[in-house]
Amino acid sequence: MWIIRILFELIGRMPKKQKLVIFESFHAKQFSDNPRAIYEYMKEHHPDYQLLWSINSQVEALFKGFEVPYVRRFTIRWFMTFPRAKYWVNNVRLPSWMPKPQETIFVQTWHGTPLKKLGIDIEEIHMPGTKTSTYKKNFVIESSKWDYLVSPNAYSTEIFKRAFHFKGRVIESGYPRNDVLSNASSEAIAQIRKNLGIPDNKKIMLYAPTWRDNEFYQKGKYKFQFQFDLDKWKKEFGDDWVLLSRMHYLIAENFDFSAHAGTVYDVSAYPDIRDLYLVSDMMITDYSSVFFDYAILNRPIIFFMYDLEKYQNELRGFYINIEEDAPGPIVQTEEELFQAMNELMHANVQLDPKFKVFRNKFASLEDGHATERVVKSFLE
């Protein structure tokens, strides 16, 4: 590994490719999130730049399908290209062995408004094979490589600076990935529904839970078990609704929904969750930051927090008082979940004072122009 690091560092000292921007999303496994939004904006508005994705070889077919230029991670071509790029755009941490060349500009977009404690704010790490002290040390080392850090709001800026021990420039702009939530047309939404194979007469619930630090198979592969009965859900809601199941990318489970074909759709491998937001009429989540983004759409959100006390007090802890500030009901049992679904399916959340306060605090910058502000900042 030290030989690889030295090689990377030496190539990084070669003259920079001043117009080359290299993108990665979620450890080079997705074409999604803030990096995708920045890529698409630059492709349209800055055609003089060379835009290239660094990808894991397992997702090569995905990038071919989108006709996106890419280079496979850790190949000879990658080693000759990545260190020489003027700009890096990423939404998670890079491998710890990768040094950032001196003249490279690293734009860290991150991937969510924080509910759960992050970085050095976490009191004790429960992830497999990870010591708390090592985890925090590595986070500080990583953040020292970032030149810019994108923040969706003032609340996140304050937390990011402290939790990441970040000393560089924060671009408080809103999230680039959320521009589409303000700008999408009804035709685009209809096309997404068609691509997913969802009948026109069905409404859509999106279930998007996160992972639990202490429930794992091995490092980077986490367990998950449904806490509500899909047969009961189908009986209660299946005539009028479909359920989209979107697992976190770290969850290793492969769910078999064949018994619920046409009613439950596995969209965990769908390229970008932003499309799923747009077509969904209601979201069910737990501690995932997805609800901060979904609130932009002014649609109902239910928090299925069946393990709230344990998660809050033992695993992570929260930055906000979720029980007071959540922009939707918190439920802990299947019965409460189904009751909330029935109560909210015809609700207008814009009339809810708590929802309005939440949206104003966390989504005030989401005006459809965040990407423009980010790109102007790091290209100036």
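I take buried to mean under 20% relative accessible area, exposed over 50%, and partly exposed in between, with a 1.4 Å probe and protein chains only as cover. Helices (H or I, at least four residues) and strands (E, at least two) are DSSP runs, numbered from the N terminus.

I note that this is a predicted model, in which local features need pLDDT of at least 70 and side-chain atom pairs count only at pLDDT 80 or more, while totals for chains, interfaces and linings use all residues. Residues are numbered from 1 along each chain as its sequence is written, and side-chain values use heavy atoms, with hydrogens and water left out.

**Strand 6.** I looked up the side chains of strand 6 (residues 148-151) and found Tyr148 and Val150 pointing one way, Leu149 and Ser151 the other way, and all of them buried. In a regular strand the side chains alternate between the two faces of the sheet. Two strands pair if DSSP finds at least two bridges between them, and strand 6 pairs in the parallel sense with strand 5 (residues 105-108) over two bridges. Opposite Leu149 of strand 6 I find Gln108.

**Ala85.** I then turned to Ala85, which lies in strand 4 (residues 85-90) and is buried, with a relative accessible area of 0%. Counting contact as heavy atoms within 4.5 Å, and leaving aside neighbours within four places in sequence, I list Lys16, Lys17, Leu20, Ile22 and Thr104 as touching Ala85. For Arg274, 189 residues from Ala85 along the chain, I noted a C-alpha separation of 28 Å.

I traced an open sheet of six strands in the order 12-11-8-13-14-15, with parallel pairing. Its edge strands are strand 12 (264-266) and strand 15 (330-331), each of which pairs on one side only. Within this sheet I followed strand 8 (residues 203-208) and strand 11 (residues 241-245), which pair in the parallel sense over five bridges; Ile204 has Val242 of strand 11 as its bridge partner.

**Whole chain.** I counted 16 helices and 15 strands in the protein chain. Its C-alpha atoms fill a box of roughly 65 × 45 × 40 Å, taken along the principal axes. Of the 380 residues, 55% are buried. Among contacts with a separation of 6 or more, 68% come from residues 24 or more positions apart.
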